[in-house]
Amino acid sequence: MKIVIASDIHGSEKYCKQLTAAFRREGADKLALLGDILYHGPRNPLPEDYAPQSVLAELTALKDRIICVRGNCDAEIDVALLPFPVSDYASVTTDGVNIYFSHGHRAVPPLGENDVYVTGHTHVPLNSGDEVFRHLNPGSVSLPKEDSRRGYILFDGGKFLFKSLDGEVYDVYAPRKRADVPAANGTVIRRPSAPLRRKLVKKRK
């Protein structure tokens with residue numbers, strides 16, 4: 001399965017359209033959105049071409065191909081308007097890799113060795129192996145911080161490719177495949193309901 005993973009659109013029509021164009025260009029099967037989709041957030045500036053209704057229309061065209069988790073800026077009305085399921089956590093098992101999705105402001109779910117945990121929230125790309133699991137972050141589509149790029153992660157052939165919105169690769173993570181995880185033809189998509197571990201992901205101010 002080929003997955004485009006992106007986060008923190010924050011209502012920008014301009015960059016949402018660039019993201020969906022990249023999704024089509026990549027020929028991906030799924031678009032995983034890591035939250036903060038329509039609202040810019042009280043601590044953020046307005047992104048370019050702030051138009052939540054246009055973002056909603058753009059994503060509605062892909063509704064059957066979207067996996068989505070809820071961000072801290074996604075209010076009840078945002079979730080009600082989105083035409084695809086939104087949960088606090090989601091996961092995909094494919095190509096010998098367990099991938100877990102969350103926005104990044106909630107407790108870390110129970111993870112094992114070689115699992116990959118992908119979050120947004122900080123608006124800064126991350127490729128860290130300091131924990132038992134691998135922690136990745138695609139950064140923000142519309143409001144990048146710390147001089148980072150607007151971009152996404154492409155999961156393809158068992159590798160995570162960090163890409164700018166124009167498709168330039170700037171980082172790669174290739175996890176070791178586990179023998180007990182189904183291969184690509186055994187893809188499983190799950191939506192975990194609640195974490196067991198109480199450790200929190202470090203938040204950036």
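The legends below describe close-up views of a predicted model.

View 1. Seven strands make up an open sheet of mixed pairing, running in the order β4-β3-β2-β1-β10-β11-β12. Because β4 and β12 (residues 169-173) each have a single partner strand, they stand at the edges, and one side of each is left without a neighbour in the sheet.

**View 2. The pairing of β1 with β2, and the helix α1.** Strand β1 (residues 3-6) runs parallel to strand β2 (residues 30-33), and the two are joined over 4 bridges; within this pairing, I3 has K30 of β2 as its bridge partner. Helix α1 (residues 13-26) packs on the sheet, where it touches β1, β2, β10 (151-156) and β11 (159-164), and the direction of α1 makes about 20° with that of β10.

**View 3. The largest nonpolar core.** This core holds 26 residues, of which L19, L31, L33 and L59 touch the most other members. At least two residues come from each of β1, α1, β2, α2 (52-60), β3 (66-69) and β10, with α1 giving the most, namely 5 residues. When neighbours within four places in sequence are left aside, L33 is in contact with A6, I9, L19, L59, I66, I67, C68, V69 and F84.

View 4. S87 lies in strand β4 (residues 86-87), and, since its relative accessible area is 16%, under the 20% limit, S87 counts as buried. The side chain of S87 reaches the backbone oxygen of Y89 at 2.8 Å.

How values were computed. Residues numbered from 1 in each chain as written. Predicted model: local features only at pLDDT ≥ 70, side-chain atom pairs only at ≥ 80, totals over all residues. Heavy atoms only, no water. Buried < 20%, exposed > 50% of the residue type's maximum accessible area, 1.4 Å probe, protein only. Polar contact = N/O pair within 3.5 Å; in protein donor to acceptor, adjacent residues only side chain to side chain. Pairing = 2+ DSSP bridges. Contact = heavy atoms within 4.5 Å. Axes fitted to C-alpha atoms, helices over the stretch in contact; angles between N-to-C directions. Core = buried A, V, L, I, M, F, W, Y, C linked by side-chain atoms within 4.5 Å.
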